[in-house]
Amino acid sequence: MDSLATMDFPAWGYGLRYQYGLFRQVILDGFQHEQPDYWLNFGNPWEIERVHVSYPVKFYGAVEEKVLEGKKCHVWVPGETVEAVAYDNPIPGYGTRNTINLRLWAAKPSDQHDMEAFNTGDYINAVINRQRAETISSLLYPDDRSYQGKELRLKQQYFFVSASLQDIIRRFKDSHSTFDDFPEKVALQLNDTHPSLAIPEVMRVLIDEEYLDWEKAWGIVSKIFSLTIHAVNPEGLEKVPVDLLGSLLPRHLQIIYQINFLFMEELKKRYGLDYNRLSRMSIVEEGAVKSIRMANLSLVCCHTVDGVSRIHLATLKTRVFKDFHEFWPQKFQYKTNGVTQRRWIVVSNPPLSGLISKWLGTDAWIRDMDLLLGLRDHTEDTSLQEEWMMVRRVNKIRLSEFIEAMIGMKVSPDAMFDVQIKRIHEYKRQLLNILGIIHRYDCIKNMKESDKEKVVPRVCIIGGKAAPGYEIAKKIIKLCHAVGEKINNDSDVGDLLKLVFIPDYNVSVAELVIPGSDLSQHISTAGHEASGTGSMKFLMNGCLLLATADGSTIEIIEEIGKENMFIFGANVQEVTNLRQKGLAVKKSLQFARVVRMVAEGYFGFKDYFKSLCDTVEGSSDFYLLENDFESYLEAQAEADKAFVDQKKWTKMSILSTAGSGRFSSDRTIRDYAQNTWGIEPCKCP
Ligand SMILES: *Cc1c(COP(=O)(O)O)cnc(C)c1O
């Protein structure tokens with residue numbers, strides 16, 4: 001949104017105004033507890049409530065067939081109606097008068113609908129029903145892979161889609177009397193498949209309410225939608241049971257069946273009666289639970305499907321949507337993700353921002369990140385190096401003060417700050433990081449006193465939330481605390497090694513931690529991170545990356561050069577080979593030793609950690625921690641070596657920031673505007 005506004009594009013963002021956002025993470029005895037985040041309790045000064053911008057959203061009920069002027073029509077008679085009220089969040093662009101709008105919908109009870117219940121005298125149930133309406137926008141689902149509250153989640157999706165489309169169509173109709181120009185004026189970008197009900201919804205509105213025929217409606221729908229996909233494997237794709245969809249949205253199910261029927265006819269023309277292929281590509285999945293495949297629905301109807309990094313597109317073509325790619329190769333593209341330098345440098349790191357502008361002689365990089373390349377001309381300049389080190393030190397001191405305030409631990413800014421902050425997930429391999437820390441601890445414990453002088457002091461910082469139902473992720477958080485407890489209180493180790501868990505990781509925490517980091521870890525098993533954006537924020541702030549060749553890191557290597565990074569581990573092809581052809585996993589005695597330390601209770605909680613240790617045991621080690629372990633330790637040793645030479649480290653740091661321009665969201669958005677939406681900047685006079 002920040003990039004859209006800054007580059008003067010005419011765009012709107014739509015979303016839900018959740019009463020409770022993602023849970024607040026509280027740590028008690030090293031265990032994660034989830035608490036509601038009451039973010040609206042003291043009001044939200046940035047939003048404008050639009051009491052007059054509201055739309056009814058319908059659910060349940062039945063479809064009646066009628067004949068109007070000799071034509072068969074469908075009339076959806078709903079069983080429940082909820083009102084969507086708009087809350088506007090203005091997004092001002094940087095250095096432009098253009099300000100765009102993020103419109104969020106809140107669910108409120110619908111008055112007209114309730115009158116019936118009040119009139120029948122069912123007062124108490126009428127009041128309870130009013131309250132139930134508000135639950136639709138009450139809670140953000142913390143894990144979109146879990147199917148608890150499936151119906152409420154589907155209700156949320158349709159509520160969002162219906163309100164947004166009513167708003168868009170109303171605005172279009174204010175100045176147009178037919179829908180002929182709709183594809184010319186409107187482009188809708190679906191963020192993953194969660195809003196894919198928008199597709200049958202536009203068909204329904206055009207056919208049932210605007211009385212267009214199917215062909216005309218389809219002609220419009222097939223020109224307006226495009227999709228950004230985030231999934232990396234077929235198992236991660238969203239499915240909705242037919243029974244659920246049919247009861248909540250009976251007319252939409254009919255339309256989806258019709259879209260699928262026509263699609264199957266099209267496939268038969270090309271492939272004949274290849275039923276295996278047809279059943280793989282069908283929008284409807286037959287099986288124990290008959291379901292709608294939201295991704296297939298979106299692929300059939302969107303004119304463009306984008307991955308979020310170059311390697312992700314390759315994965316989509318070969319693994320996730322192989323059949324669809326064969327049928328529609330031209331639909332598949334990619335736009336590597338980006339982040340905005342306005343937030344991730346200018347707001348979060350003012351000292352670095354000032355330094356960059358001083359050495360480039362301009363602050364124009366805030367709108368044009370390619371200019372950062374100019375820093376490369378000064379990397380050998382000792383005064384830039386010294387100023388750069390000063391700025392980094394100021395940010396490290398700020399971070400150590402934050403750590404002391406948060407968890408009461410003192411850490412020295414002379415140490416290397418080694419950071420891994422992101423959602424806790426097995427594929428992101430925080431466990432690999434912790435096992436590496438145990439190895440480092442073990443080495444220090446077994447060292448002669450005289451050798452300790454050569455150890456580069458480290459402060460290892462880990463932060464992130466685990467989805468409430470994700471037991472293994474929660475055990476990783478507990479292990480981090482158990483290991484920290486041991487290391488941080490061991491006088492043999494002192495300041496040579498500290499392990500800090502920062503609770504309640506969120507954007508505000510990230511803004512403070514990232515500028516104060518020396519090294520940051522992005523160590524997912526190759527092939528599992530679609531893009532990753534955390535690495536880009538660190539890069540912009542001059543932090544060096546320790547990473548696997550996964551997601552956007554592959555493109556970061558091209559910009560920064562692997563000699564300025566610490567890259568390790570199996571690449572995507574090697575991971576595929578290891579898994580498919582059962583090639584030998586690299587065995588590691590050092591890995592076996594640190595896992596045994598955990599399994600045998602060296603850090604306590606022996607029984608509790610057993611199932612966690614089992615996940616990395618032999619053939620159960622799906623994320624290949626053991627395979628990558630020695631290579632990981634080597635990369636860590638390289639980082640130590642580089643850190644000893646502060647001059648060299650500083651040059652690598654300057655080169656990281658200098659090469660980060662490509663990862664500005666301005667580049668991503670310009671690509672979408674030119675190649676997917678076909679829109680031009682529209683400057684305010
Ligand atoms: C950027 C960001 C992420 C994404 O981080 P990855 O390292 O790409 O997983 C997650 N959470 C917050 C709060 C962020 O700011």
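1. Two strands are said to pair if DSSP finds at least two bridges between them. Helices (H or I, at least four residues) and strands (E, at least two) are DSSP runs, numbered from the N terminus. By this rule, β1 and strand β8 (residues 99-109) pair in the parallel sense over 5 bridges. Within β8, R103 is the bridge partner of Y14.

2. This is a predicted model, in which local features need pLDDT of at least 70, side-chain atom pairs count only at pLDDT 80 or more, and totals for chains, interfaces and linings use all residues. Residues are numbered from 1 along each chain as its sequence is written, and side-chain values use heavy atoms, with hydrogens and water left out.

3. The pLDDT is the predictor's confidence in each residue, from 0 to 100. The protein averages 96, and 98% of the residues score at least 70. Among its elements, strand β16 (residues 416-421) has the highest mean pLDDT (99), whereas helix α2 (residues 111-119) has the lowest (67).

4. Strands β1 and β8 belong to an open sheet of 4 strands with mixed pairing, in the order β1-β8-β7-β4. Its edge strands, each pairing on one side only, are β1 (12-16) and β4 (48-59).

5. Helix α16 (residues 382-407) has 26 residues. From its first C-alpha to its last it reaches 37 Å, close to the 38 Å expected at 1.5 Å a residue; the expected span is 1.5 Å times one less than the number of residues. Just after α16, G408 takes a positive phi of about 70 degrees.
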